[in-house]
Each structure stands twice: as structure tokens, then as C-alpha cells.
Amino acid sequence: MNFTVWGMAGLARAVENRLRPAAPPRPSPVPRSRPARVHRSRVAVLMAAHNEEVVIADSLAAITRLVPAENVHVVSDGSTDRTVELALACGVNVTETPTNVGKAGALQAGVHHFSLATRFDAVLLLDADTRLDPGYFDAALPEFDDPTVVAVAGCAATDWTTARRGFLPYLFTAHRARIYALLQRLLKFGQTWHRTNAALIVPGFASLYRAQTLPLIDINPPGLVIEDFNMTFEVYRKRLGKVGFSLRAIAVTQDPDALRDYLHQTRRWALGFWQTVSRYRPRADLFSAMLGLYVVELVLASLFMALLPLMTVLLLLALIPGFLSVPIAGDLTLAIGHYVNLPTIAFGILLPDLLLTVAVTLIERRARYLLMAPLYLPLRCLDACVALWTLPQAWRVRSSGRWTSPTRRGAEPAPASVPVPVSAPVPVSAAVPVSAPVPVSAPAPMSAPAPVSAALPVAAPAPVSAPLPALSPSPAATPAATAAANSPGSPSITTAARAEDHAVPTTDSTPGDNIDTVDTVGAIAAAETSRSNGLSPTAADTAVSNGLASADTQLLPSPFPRNRNTQHSTFRPTTPSLPQPTSASPTTPDSEPAWPTEWPPDWPPDPLPHEKVS
């Protein structure tokens, strides 16, 4: 019934979006001192982390490419690993709780400690294992153009890249990804339609809330195991507003790929739902009506799915002659046969489940869903058993909120670290071993210069003292280059190595040209020294103008693109500088400045030198 009602609502929403252009936002009845449009520069990111050293660096690197690092806030919930150290290295705001108080308690502490409700327009609650799609904010923030929307749910997507190899990991990952695809399209898309708004949950892995509404929500009530359902129920119970949702606001998250982690997470979710339902009393509104319908349907469907294996086995045994005469088993089979038979199970359950799998395969264009199609139904029976098992516990179990994250999986190493094969074109500096200097009078011929990464891999730079005698017959330039290369804070590729890369002779070079190249070593050393001291923010342009690099030279981003000095456990409010409106788009008190479409990928500037590649 729920799928029918909300599926039709979702279809009506899709038709309305296709036929009618986007209407301008309605004026808010409450005067606002800030523009109604929420921009990403006014979004704070709040992440609660408990022993997340495996994944937190990748998650912070992904989010700081979308919002300024000053807007990201991490609350370490009693972590005993390197979570705090890695978060500080990413240049974000970090604090920690003295003990493990639970995710809800850590989020509540972060909102108050960093004063997020007064400093920002919206707050993104982000899990430590979640990475946002680059278009997340472009899809989610326009939902706030409707002043009645106070929360926006993210569209969950499974992270296939970190799943372990094996039968069971593949099965659990595909099953959870299939559930996300079906529930978000058949239920949530219709539940968040502005005409019939009654969403049951705003998932906490990547959800946006208006900052002004967070103080009105009881984030951490006693006795609950999770906060997602409770925060959503608070929005409707206190009539704070509506919930928005966009299928394009994608956030990639890790799902359990082991049976123990899968059962533990499924139990937490089911128990959290029943605990939240037990805290609220029904009212005469749409949300209570749809919640009651969902609860009744969930209980009945779970009972049927939990008994489905038993009924299927008895009906199959009934095909054996004489089985119906067996005491108890035969009578039970006859009673089941009055309501359910094998054709009913085949065409009423197995076939629709297979058609849904085919639909998900076509929508997401992933043929891998079909590989485990016969096994999704047994996992649905397992989920039903867990839902029924946790139902009575909602009134008996009181949770302290403490949590243990499932087994995290780090990203696979980048393939760029693979050594260059021997068959690749060999540059001049690699034709002769480093220990034997290349004679100046006999340079090795080369038809085309090899890439810089092939001449000197970043993982193993050549010693500074070895290549300099071969490149510098002039003794005056060598000490300067050597001192600059050995200076503290030098980048991973030394200055002498950079000079050697630029000094590879072309086919028309002569031995005398090396004297000019050697003079260049000192210039490069001075440029790198000034760049490391922050005196040359346009080193790439200078290198192009001096003929040391081409216009196509690119800069590799640093592993930690924002190494800002952040004092541990100390709150220092900072306001990022916003772009000024241009003359072409004048602003008025009722209009918004001409915000850029997105922050540049390297904003703010990286204080560490970058690596140049051709």
C-alpha cells in the first residue's frame, strides 16, 4: 500500500517537474536579514567520528574540495586511534569529547561548541565514511529556496570501489545498493513532494538542516540508539517545516560487507525506528496517518517474509506422495494451502522481485545486480526477522548512545605509483646510472623528451649531490643549488631534480648550452625557496615566462590541500571571504550577490609547493 500511494505521488511529482517550469521561491512571512538563497559558503559541515582513521582523511579531502576548510568541523567521539591527528592535518576545525558519548551526543556537542546555529545558514551532517558527489550542493541547496523546507535528505549510493572481493561481500553490497535504489525512487521521492510531504527519515549520513532549526530539535534524547528517525520526527511533530529531497544530491557511503556487520547495522536501524515510534503519540495529520499505515504494513509484511521459507518448504514437501498424512506437518501444510500455494509465491513474490531487480539494473546501468538476483529474497527474509526481533526490544532496551562503527575499508592505492616500464623511452638522465656522471662533451641523443615522471619518479628522487656535477661544469652555481635543495621544508621533488628535469637537452643542443642550463639551476632554486616562503604565488606563470615550463604545465594537488594551522580543541570562529558582486549584476537588499557556480578546486591556496608535471 505504501509503495502504491507514494509511487503515485512520485509519478505526479515527476510529471509536474517536467510540465511546469520551476516557480520562483515564495516570499517568507518572517523578515530575513540574510538572502533566502543558501550558498555553499554559508554551509557548515559537522562530522562525528569514532575511531575513523581508515576513512576520515579521504572524506575530509572530498568535502574540502566543495566547501572551505574553515567550514568543516570534526567532533572526535572519544577516539583512541589517529582520528584527531588526521583531521588536524587536513586543516579543519577539530574538537573531541572526553569519552564515547555516541553519535547524537557528539553532534549536539559540536553544534554548541562551534556555534553553528548562529554562524551559518545551513549545517550538513556528514558521516566519516561518506564522500559527496561534486554536484551534491548544486542539487540539494536549491531545495531551500522554498522557505518551508528545513531539512534536505541526501540520495544514498553504495561505494563499490572499497568493497572486498568475495561472494558474501558482493552479495551484501549489491543487496544494500538495490534497497537504496528502490526505496529512494518508489518511496522517498513521493514522500518529499511539496504537496504531500511526510518523509519518515532524513538519513544522517549526509543530511542538510537549516541552522536556525537545530536548536529547536532534541538531537540527543535519552534511550535512543540512533538519531536519524528522531530528528525527522521532531521536524514534523514541532511543525518546523518540510523535508526536501533530490535524486541528484548523491552521497557515496560504505555499507557492511560481512554478515556480522550487516546484522549489527540492520538491528541498530530497526531498533532505532521502533524506539522513535514508541516516543511519539499519533496526531490528526498526514504524517501520523502515513506513519501508522507504514507500521501496519511493515509488521504484516515482515511476518509473511519471515514465514515464507517455512511455507515454501512445506508446499514443496506436499508434492511427495503421503506427506499430507504426516501428523502436524500435513495438517499445517493443508492450512497453508488454503491461502498460499506455489504458483502464488512464484508469480506474486519471486517474479515481482526479479522485475524490480531488472528495473534497478536498467536505471543504474549496472549489470552486476543480476548476478545475485536469486539471493535478494533470502536477505529480505533475514531483514524481516530482524525487524520482528527488535520490535519488543523498543520498550525494554535503553541505549546509552555509544556506538562502534562497522569495519571500514580504505581506498585502494592510486595506480600512479607503478614504476615506468623499461620499454618506455629512456631520457638522457636515465640512460647512464646516477653514480656515473654523464660526460658533458658527449650527450646522449634523444628524438623526443620523455615525461618528467619517467625521468625521475616521485617515489624515489635521485640524491641531490649525484646529478649536480654532471650538469654543472661551473662551480659557482652548484653550491647555491645544493643549499636550496637541502633547505628545510623542501618539496618531495628536490630543486636539483626540478632543474635536471628542465635541463634535458633537445636534439639540436650542444655541449656549450649546458652552461646556460647550469645558470638556470640557481634561478630555479631561488624561485622554489621564495615559493616555499609564500613570496611567489604565481610560480607557474614565472616558469612559463622564463622558458622553464610550457603553458600546458599542470600542478598536482597536495594530499592535504588545506594545511591550515588549527589549534587543537580551540574554537576560533572565522568567516571566509566572499566574492564581491560584479558591476554587471548589481545587488539590492532583496537580491543575492552574484555567487560563483562553485568554489575553485584549489581554494584556498595551498601553502605547500606543488609538483609540476608535463
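Student: Is Arg239 buried or exposed, and what is its relative accessible area?

Tutor: This is a predicted model, with residues numbered from 1 along each chain as its sequence is written; local features need pLDDT of at least 70, side-chain atom pairs count only at pLDDT 80 or more, and totals for chains, interfaces and linings use all residues. Side-chain values use heavy atoms, with hydrogens and water left out. Buried means under 20% relative accessible area, exposed over 50%, and partly exposed in between, with a 1.4 Å probe and protein chains only. Arg239 counts as exposed because its relative accessible area is 64%.

Student: Where in the chain does Arg239 sit, and what is its phi?

Tutor: Helices (H or I, at least four residues) and strands (E, at least two) are DSSP runs, numbered from the N terminus. On that basis Arg239 belongs to the loop between H8 and S8. Its phi is positive although the residue is not glycine, with a value near 50°.

Student: Which loop holds Arg365, and what is the relative accessible area there?

Tutor: Arg365, a residue other than glycine, has a positive phi near 55°. Its loop lies between helix H12 (342-364) and helix H13 (376-390). Arg365 counts as exposed because its relative accessible area is 77%.

Student: In what order do the strands of the open sheet run, and which are the edge strands?

Tutor: Two strands pair if DSSP finds at least two bridges between them. Eight strands form the open sheet with mixed pairing, in the order S3-S2-S1-S4-S7-S6-S8-S5. Pairing on one side only marks the edge strands, which are strand S3 (93-97) and strand S5 (131-132).

Student: How many bridges join S4 to S7, and about what angle does helix H8 make with S7?

Tutor: S4 and strand S7 (residues 206-210) run antiparallel and are joined by five bridges, with Val123 standing opposite Tyr209 in S7. Helix H8 (residues 228-237) packs on the sheet and touches S4, strand S6 (149-158), S7 and strand S8 (242-253), where contact means heavy atoms within 4.5 Å. Axes are lines fitted to C-alpha atoms, for helices over the stretch in contact, and angles run from 0 to 180 degrees between N-to-C directions. The direction of H8 makes with that of S7 an angle of about 30°.

Student: Which residues point each way from strand S1, and are they buried or exposed?

Tutor: In a regular strand the side chains alternate between the two faces of the sheet. In S1 (residues 43-49), seven of the seven residues are buried. Val43, Val45, Met47 and Ala49 point one way and Ala44, Leu46 and Ala48 the other, and all of these are buried.

Student: Which residue of S4 stands opposite Val45, and which stands opposite Ala48?

Tutor: S1 runs parallel to strand S4 (residues 122-127), with six bridges joining the two. S4 is covered on both faces, as Ala122, Leu124 and Leu126 on one side and Val123, Leu125 and Asp127 on the other are all buried. Opposite Val45 stands Leu124, and opposite Ala48 stands Asp127.

Student: What is the bridge partner of Ala49 in S2, and which hand does the crossover from S1 to S2 have?

Tutor: S1 and strand S2 (residues 72-77) pair in the parallel sense over five bridges, and in S2 the partner of Ala49 is Ser76. A crossover is right-handed if, with the strands pointing away from the viewer, the path from the first strand over the helix to the second runs clockwise. The chain passes from S1 through helix H2 (residues 56-63) to S2, and this β-α-β crossover is right-handed.

Student: Is Val277 buried or exposed, and which residues does it contact beyond its neighbours within four places in sequence?

Tutor: Val277 is found in helix H9 (residues 259-279), and it counts as buried because its relative accessibility is 19%. Its C-alpha atom is separated by 9.0 Å from that of Val295, 18 residues apart along the chain. Leaving aside the neighbours within four places in sequence, Val277 is in contact with Phe233 and Leu291.

Student: Where does UniProt place the feature "transmembrane region", and how far apart are the end C-alpha atoms of residues 344-363?

Tutor: The unreviewed UniProt entry places this feature at residues 291-324, 344-363 and 375-395; such positions are given in the numbering used here, feature names are shortened, and annotations may be inferred rather than shown by experiment. In the model, residues 291-324 are 79% helix and 0% strand, with end C-alpha atoms 42 Å apart. Residues 344-363 are 100% helix and 0% strand, and their end C-alpha atoms lie apart by 28 Å.
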